[in-house]
Amino acid sequence: MPANASTLLVFGRGVVRHQAGWALTDDSLARVRAAAEHVERAGAPARIVFTGGWAGASLGAPEPPPGHREGDLMLRAAREAGLGRASRLLAETRSRSTLENLLNLVEDGLVGGPYSPAEPLGLVSHAWHLPRVRYLAGKILRLRGAALLDIPAAGPWQPERLLRLGSRLCFLGASSPAALRRRERLAVALARRGGR
């Protein structure tokens, strides 16, 4: 039987605008499904936190209105899937990146804990994204190894090696939330400038 996490953090993968408003991308829906499948296999955790505001902000995408951000829409999909019957469902909706997901979860008191190999913190994302999430969880939450449980969503593999390496270089030596945010803003500005 898989390890039972007392908290699952479900990371968003974007929203799209269409005629009727805003909707989750297929990748975000896959992450909600992965959380639901984990609950079926391992049992319901005390809480499931959906995190994501609007990832496209760094690319200039318009800000979804309150109630239509990644965390909001994933929370709604989870309720429709029945995940709220045995777990407390929460959402963080201010973030624009994986780093901000974790920083905001800490600031908002949504992470909980303590976590250990016997009761790990569950990280729900795609397999290609989980190494970067683990790295940032180590920096921000000081959790590593078996205290983190990877719960991969189904979906095609995405190349993220360069982004993962860039994250490690960008955040090297930084540990305070303010320093991490400054470095991320600098990295985004440099990437924008380089993309012109």
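The report below goes from the whole chain to its sheet and then to its helices.

## Before we start

This is a predicted model, in which local features need pLDDT of at least 70 and side-chain atom pairs count only at pLDDT 80 or more, while totals for chains, interfaces and linings use all residues. Residues are numbered from 1 along each chain as its sequence is written, and side-chain values use heavy atoms, with hydrogens and water left out.

## The whole protein

The protein has six helices and seven strands. Helices here are DSSP runs of H or I with at least four residues, strands are DSSP runs of E with at least two, and both are numbered from the N terminus. Reading from the N terminus on, the elements come in the order β-β-β-α-β-α-β-α-β-α-β-α-α.

Of the 196 residues, 51% count as buried. Buried means under 20% relative accessible area, exposed means over 50%, and partly exposed lies in between (1.4 Å probe, protein chains only). Now look at contacts, meaning heavy atoms within 4.5 Å. Among the contacts in the protein with a separation of 6 or more, 72% are between residues 24 or more positions apart.

## The sheet

Strands of a sheet pair through backbone hydrogen bonds, either parallel or antiparallel. In this model, five strands form an open sheet in the order β5-β4-β1-β6-β7, and the pairing is parallel. β5 and β7 (148-153) stand at the edges with a single partner strand each, so one side of each has no neighbour in the sheet. From one strand to the next, the twist averages 20°. For pairing, DSSP has to find at least two bridges between two strands; axes are lines fitted to C-alpha atoms, for helices over the stretch in contact, and angles run from 0 to 180 degrees between N-to-C directions.

## A closer look at β4

How many residues of strand β4 (residues 47-51) are buried? Five of the five are, so the strand is largely enclosed by the rest of the structure. In a regular strand the side chains alternate between the two faces of the sheet. You can follow this along β4: R47, V49 and T51 point one way, I48 and F50 point the other way, and all are buried.

β4 has partners that you can trace residue by residue. Strand β1 (residues 7-11) pairs with β4 in the parallel sense over five bridges, and V10 stands opposite F50 in β4. Strand β5 (residues 88-92) also pairs with β4 in the parallel sense over five bridges. In β5, R88 is the bridge partner of R47, and E92 is the residue opposite T51.

## Helices α1 and α2

Two packed helices are described by the angle between their axes and the distance between the axes. Helix α1 (residues 26-42) packs with helix α2 (residues 70-80) at an angle of about 45°, with their axes 10 Å apart. That makes α1 oblique to α2; angles under 35 degrees count as roughly parallel, over 145 as roughly antiparallel, 65 to 115 as roughly perpendicular and the rest as oblique.

The crossing of α1 and α2 is right-handed. A crossing is right-handed if the near helix is turned clockwise from the far one by less than a right angle, and left-handed if anticlockwise. S28, L29 and V32 of α1 make the contact with M74, A77 and A78 of α2. Those residues divide into five nonpolar, one polar and no charged. Ala, Val, Leu, Ile, Met, Phe, Trp, Tyr, Cys and Pro count as nonpolar, Asp, Glu, Lys and Arg as charged, and the others, Gly among them, as polar.

## Helices α3 and α4

Helix α3 (residues 98-107) lies across β1, β4 and β5, and runs at about 145° to β1. α3 also packs with α4 at an angle of about 35°, with their axes 10 Å apart, and the crossing is right-handed. Among the residues in this contact are L99, L102 and V106 of α3 and V133, L136 and I140 of α4. The residues of the contact divide into nine nonpolar, one polar and one charged.

Helix α4 (residues 130-141) is mostly covered, with 10 of its 12 residues buried. After α4 comes R142, whose phi is positive, near 60°.

Which helix holds I140? I140 has its place in helix α4. I140 counts as buried because its relative accessibility is 17%. I140 touches L99, L102, L103, V106 and L180, not counting residues up to four places away in sequence. I140 and V106 are 34 residues apart in sequence, and their C-alpha atoms are 8.4 Å apart in space.
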